[in-house]
Amino acid sequence: MFRKLVAECFGTFWLVFGGCGSAVLAAAFPELGIGFVGVALAFGLTVLTMAYAVGHISGGHFNPAVTLGLWAGGRIPAKDIVGYIIAQVIGGILAAAVLYLIASGKAGFDAAASGFASNGYGEHSPGNYSLLSAVVIEVVLTCGFLLIIHGATDKAAPAGFAPVAIGLALTLIHLISIPVTNTSVNPARSTAVAIFQGGWALQQLWLFWLAPIAGGILGGILYRTLLEKND
């Protein structure tokens, strides 16, 4: 179990550092050409690479919503949930701390003013989308993400390609929802950067726990009851 928790911590560190790091360090400079597409691709690549690197150890969740969705789908036991989520949140916070240290090396950097890649709705949504829009998109996309994860890792699926499908799915999810919420679908990712933003991001953090978890559990239940072949 210790190896599993270390793998989850490291994998979530990589996801937050790579994904949020691309937003904080690179996307802020238009001349570098990263933009929303680059950030979306960065998040997808972090999951793809870590799924291959440590997925065989822990299952490669890196996300409390994925852990709970896999539990709802009957893929993991309930006794693993708390440890996995704690490891994921710790990994995310460590990544955000390193990212903050690096970003602070630029004169004038202000995590609170910049938003520090935090998730938000209303006036803190990149496209000024409402709370309702944020709830719907986070639930729907996390549900879809879990359906893809369950399907790609099903014993009947082609072996060895699950990380590719899952990484591309996360890229697609970001391409859709960055303008709405800056894309969470991952409470650990949202918590990590919200701590360093320190203001509105913490006040709105409740949504980015509840909506992804609800979507994740829904996706797990739907796959288990409607799509999975019962031997």
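This is a predicted model: local features need pLDDT of at least 70, side-chain atom pairs count only at pLDDT 80 or more; totals for chains, interfaces and linings use all residues.

Tutor: Let us begin with the idea of contact, which means heavy atoms within 4.5 Å.

Student: Leaving aside its neighbours within four places in sequence, which residues is Ala192 in contact with?

Tutor: Once those neighbours are set aside, Ala192 is in contact with Val16, Gly92, Ile93 and Ala96. The C-alpha atoms of Ala192 and Val89 are separated by 7.0 Å, although these two residues are 103 residues apart along the chain.

Student: Is Ala192 buried or exposed?

Tutor: A residue is called buried when its relative accessible area is under 20%. Ala192 has a relative accessible area of 0%, and therefore it is buried.

Student: At what angle do helix α4 and helix α8 pack?

Tutor: Helix α4, residues 81-103, and helix α8, residues 187-197, pack at an angle of about 40°, and their axes are 8 Å apart. That angle is why α4 is described as oblique to α8, and α4 passes α8 in a right-handed crossing. On the α4 side the contact is made by Gln88, Val89, Gly92, Ile93, Ala96, Ala97 and Tyr100, while α8 contributes Ala188, Thr191, Ala192, Val193, Ile195 and Phe196. Sorted by class, the contact of α4 with α8 has ten nonpolar residues, three polar ones and no charged ones.

Student: How many aromatic pairs does a search of the whole structure find?

Tutor: The search finds seven aromatic pairs. In one of them, Phe116 and Phe196, the ring centres are 6.1 Å apart and the planes stand at 50°, so the pair is tilted. This pair links distant parts of the chain, since Phe116 is in the loop between α5 and α6, Phe196 is in helix α8, and the two are 80 residues apart. Phe116 counts as buried at 1% relative accessibility, whereas Phe196, with a relative accessible area of 23%, is partly exposed.

Student: Where do Tyr121 and Trp206 lie?

Tutor: Tyr121 and Trp206 form an edge-to-face aromatic pair, 6.4 Å centre to centre with 75° between the planes. Tyr121 lies in the loop between α5 and α6 and Trp206 in the loop between α9 and α10, so the pair ties together parts that are 85 residues apart in sequence. Tyr121 counts as buried at 15% relative accessibility, and Trp206 counts as partly exposed at 40%.

Student: Which residues form one aromatic cluster?

Tutor: Tyr100, Phe109, Phe116 and Phe196 form one aromatic cluster.

Terms used. Residues are numbered from 1 along each chain as its sequence is written. Side-chain values use heavy atoms; hydrogens and water are left out. Axes are lines fitted to C-alpha atoms, for helices over the stretch in contact, and angles run from 0 to 180 degrees between N-to-C directions. Helices (H or I, at least four residues) and strands (E, at least two) are DSSP runs, numbered from the N terminus. Angles under 35 degrees count as roughly parallel, over 145 as roughly antiparallel, 65 to 115 as roughly perpendicular and the rest as oblique. A crossing is left-handed if the near helix is turned anticlockwise from the far one by less than a right angle, and right-handed if clockwise. Ala, Val, Leu, Ile, Met, Phe, Trp, Tyr, Cys and Pro count as nonpolar, Asp, Glu, Lys and Arg as charged, and the others, Gly among them, as polar. Buried means under 20% relative accessible area, exposed over 50%, partly exposed in between (1.4 Å probe, protein chains only). Rings of Phe, Tyr and Trp (its six-membered ring) pair if their centres lie within 6.5 Å; planes under 30 degrees apart count as stacked, over 60 as edge-to-face and the rest as tilted.
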